[in-house]
Amino acid sequence: MRTPAPDPEVNQALGTEHGLTPDEYAHVVRILGRTPSYTELGIFSVMWSEHCSYKSSKKWLKTLPTTAPWVIQGPGENAGVIDIGDGLAAVFKMESHNHPSYIEPYQGAATGVGGILRDIFTMGARPVANLNALRFGDPSDARTRYLVAGVVAGIGGYGNCMGIPTVGGETEFHSAYNGNILVNAMTVGIAQADRIFYSRAAGLGYPVVYVGARTGRDGIHGATMASAEFSEETEEKRPTVQVGDPFTEKLLLEACLELMAGDAIVGIQDMGAAGLTCSSVEMADKGGLGMDMDLDAVPLRADAMSAYEIMLSESQERMLMVLKPGREDMARAVFEKWELEFAVVGTLTDTGRLVVRRGGDVAADIPVGPLVGEAPEYDRPWEAPPGAAPLPDGVDHMPGPPEEVLERLLASPDLASKRWIWEQYDSTVMADTVAGPGGDSAIVRVHGTTRALAITSDCTPRYCKAEPKTGGMQAVAEAWRNLTAVGAKPLALTDNLNFGNPERPPIMGQLVACIQGMAEACRALDFPVVSGNVSLYNETDGEAILPTPTIGGVGLLDDVSRRGSLALTGEGETLILIGQTHGHLGCSLFLRDVHDLEAGPPPPVDLAAERATGDLVRDLIRDRLVTACHDVSDGGLYVAVAEMALAGGVGADLRAPEAPPLAAWLFGEDQGRYVVATNDPNAVLARAAEAGIAAAAIGRTGGNALTLGGQNAISLGKLRHANERWLPAYMAGSAEAG
Amino acid sequence: MKAAVIVFPGSNCDRDVAVALRQACGHAPVMVWHRETELPDVDLIVVPGGFAYGDYLRAGAMSAHSPVMRTVAKRAAAGVRVLGICNGFQVLVETGMLPGALMTNRDLKFVSRAVHVRVESADSVFTDGYRDGQVIRLPIAHHEGSYFADDNTLRTLEDRGLVAFRYVSADGAVNDDANPNGSQSGIAGLFNPERTVLGLMPHPERAADPDLGSTDGRPMFASLAAALA
């Protein structure tokens, strides 16, 4: 082995370079009672980075509701776990890979998928579904097309090879993401409820084992990079992006699940952000133990790696586990069968210290308790977001024939079909995908049963920007509504909070208010948060992204045959709009994309009405009273009905009421609404009246066009062309994309 | 019917096809690990979809040289039926058990969607459950599925009726729009000359259950189970 380069001298300036403030650096010196070694500085800097310590958000995350009778494990583990009956559990989480994906879109997105998959199977669950929520800059920005192509290929490249279906997600465009795209990846897995694996180390003298791929220099300081703003020098950070190998991860998945079928594993933690550092420290801390590690035993891919590099590498497809003594050979045989590395790299001690040796020398000797327990936690100053100004007069005028406005909206980047994206994802592997991309929620059958999970991801960042509290509430409510729209009972959610620089009080105010809104909605809807991830510093040259608290929701269908779909299937059925319509145009896509006006307050969210309306709709689906169901969201009622018509290839005629004005009725984004199709309108209206929910017949299905009171016909063919054409044309660089 | 499913380290449709086989014949197939050199006595060998060995060189290229595939080729030569689906089709082509090559899709992208294929010949143990010319709907999910062969090979395939499935429009027409990957002559699946080996890119095992929206793949497993009972 070549000798590693000598470590640089450690001082406060080097601490600053590592992202530690002078106070934080002084605290490190205090904890150690001396100047840290270079390796120790590296360990503290990543453990205390925003990404790993949640130091700006922790205070507020604690206010989110996290419990329910069906919650087995809330936040704080690799993923959340909920009981789905029959002795089974759903294990899920969403995680961002924003910064790496902007720098190197293919690998950034691919390793984002790899990381979230590991979080799920680390807990003993077999992943059964992937989703992703993507936000890109303005389509006219020079880099956007390249980023879309790379991110989509990276997500597909990883998930497809793993053989986990990618079943849903969302993709939006806004200039606020020009310099900071969002790549939020979610995985759902299924485990036996009594066979969940946790990251807590236990057992004095028990062996600490490294498995998976070898360690290289890739990704060193990824967590620190994810905790800083971007600037002109972003290109220089490309080497800090990890490289993914989905084939190795597939082997790791199968090997881990094979070993987990026995009783050899005491605790297990994947090596994600901050690699070996984070995994060893978290395991030791949760067990209240110390850990001695000999880095000479770590399988390396590069020559002459220092202790610092080994501890901070973010090489992918690696796991750390504590085994019961004497099970090493059996475990080694499993990993050798799958042709993976297996190395005993340490033992658990009662010293409470993480001691790391390299070449016989002690490279780090840190008390684990203070390293974790004394991590900074900030109550950052925040400014309450100003309320949105009311809309100017006259915005409800229809600037042309309504069907042409509809056509234009359906061809707009946010509403255009994302088929070009999801056809690059294998959505049917594992042969349990009942409903893939394109519906309100994906539906994935629980293998070997007639039950199914419904899964969705939602957020409306323009609402969050205008009024963060309403926006946070709306994101949770919309996820709940999308699960309901397929007939599922919403059970729990994972959140991925993407914001700008929390050191700026207005940005911190967005974070605080969004969390307040989310918490209120979670409580009102019995929809707790069981896992999540925070991504801050999404700013470039001082410009922050829109506040984007992405919600990944999971629900349960007891009988998959009683499910809702948005596709209109029959002629002559009655369309019923359920929920209250006021014609709220503030923050609507109609204003933004037709009137070029991003203004006004977002639609208010009435949580009590939301819940009552959803409970009614779920019952209607279960009782087979409706043949199609779709929630009304972006673009409003007209867009919702068009989506239903396009999905089923059946047209519809709508009859507008006297009030509100036509544009507000067609394109308003009032919350808590669903459109259903039914053969038994009297029964549906009676059930709504019984429940005290507004409901009105608004038209009939049939034909191959959309009409308004028999007028303003636009063929489904024309609408389909508008809806399907934009994204492929844009990606091909065609002028047709506009 | 006794069936074996070959499992490479990167196979990921092995379970799916095992479920479809079990549904068709009432019992589970034997799963055979890629390092095995012996196969149990079976009537049908399935090479499933996935990314065997990661497919970093060329889809199916490394698998073709695996220990188990030498045994599969021997059994095939002795008349045991072999079904290769997606990556399994790529493996069968790489081993030379079927002619031609599967190249990167015309659009250079992975493609996952339901497509229409026409049953070109119902005269085999694999396709006996269909009618000649029947149009069925099956999912595809691949990056390298564009079938290529030289003119002589193509002519032989056509003359001998060895094209098993062809990509078509919903009304059965062969054209560019209906061809998802640029395969020559819209070829989606092939027989060997004895019709004892079938390779196809679409996934019949993902369309064998009403909950999944299509049961068009089911007749393939049913006819195998009936013929090899």
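At roughly what angle do helix α21 and helix α24 of chain A cross, and within what distance do their axes come? The legends below begin with that pair. This is a predicted model, in which local features need pLDDT of at least 70, side-chain atom pairs count only at pLDDT 80 or more, and totals for chains, interfaces and linings use all residues. Residues are numbered from 1 along each chain as its sequence is written, chains are lettered from A and ligands numbered from 1 in the order in which they are written, and side-chain values use heavy atoms, with hydrogens and water left out.

**View 1. Helices α21 and α24 of chain A.** Helix α21 (residues 607-622) and helix α24 (residues 681-691) of chain A cross at roughly 150 degrees, and their axes come within 10 Å. Here axes are lines fitted to C-alpha atoms, for helices over the stretch in contact, and angles run from 0 to 180 degrees between N-to-C directions. Helices (H or I, at least four residues) and strands (E, at least two) are DSSP runs, numbered from the N terminus. The crossing of α21(A) past α24(A) is right-handed, the term for a near helix turned clockwise from the far one by less than a right angle, with anticlockwise being left-handed. Look for A:L616, A:D619 and A:L620 in α21(A), which meet A:V684, A:R687 and A:A688 in α24(A); contact means heavy atoms within 4.5 Å. This contact has four nonpolar, no polar and two charged residues. In this count Ala, Val, Leu, Ile, Met, Phe, Trp, Tyr, Cys and Pro are nonpolar, Asp, Glu, Lys and Arg are charged, and the others, Gly among them, are polar.

**View 2. Helices α7 and α8 of chain A.** With axes 7 Å apart, α7(A) and helix α8 (residues 144-162) of chain A pack at an angle of about 35 degrees. α7(A) passes α8(A) in a right-handed crossing. On the α7(A) side, the residues in contact include A:P105, A:Y106 and A:V113, while those of α8(A) include A:Y146, A:L147 and A:M162. The contact of α7(A) with α8(A) is made up of 13 nonpolar, five polar and one charged residues.

View 3. Two cavities of 30 Å³ or more turn up in a search of the whole structure. A cavity is a set of points on a 1 Å grid over the protein atoms alone where a 1.4 Å probe fits but cannot get out, and lining residues have an atom within 4 Å of a point. Grid points are joined across faces, edges and corners, and a volume is the space filled by probe spheres set on the points. The largest cavity has a volume of about 70 Å³. Its lining includes A:E172, A:F173, A:D414 and A:R592. Two or more lining residues come from each of β5 (166-173) and α17 (461-466) of chain A. By class, four nonpolar, two polar and four charged residues line the largest cavity.

**View 4. The second largest cavity.** This cavity holds about 40 Å³ of space. Among its lining residues are A:V113, A:N130, A:I155 and A:M186. The elements giving two or more residues to this lining are α7 (105-121), β4 (126-136) and β6 (182-192) of chain A.

**View 5. A salt bridge between A:D263 and A:R327.** The closest N and O atoms of this pair are 2.4 Å apart. A salt bridge is a side-chain nitrogen of Lys or Arg within 4 Å of a carboxyl oxygen of Asp or Glu. A:D263 sits in the loop between α10 (246-260) and β8 (265-270) of chain A, and A:R327, 64 residues apart, in the loop between β10 (318-323) and α13 (328-337) of chain A.

Note on methods
On a 1 Å grid over the protein atoms alone, a cavity is a set of points where a 1.4 Å probe fits but cannot get out, and a pocket is an open set with protein on both sides within 12 Å along at least five of seven lines; lining residues have an atom within 4 Å of a point.
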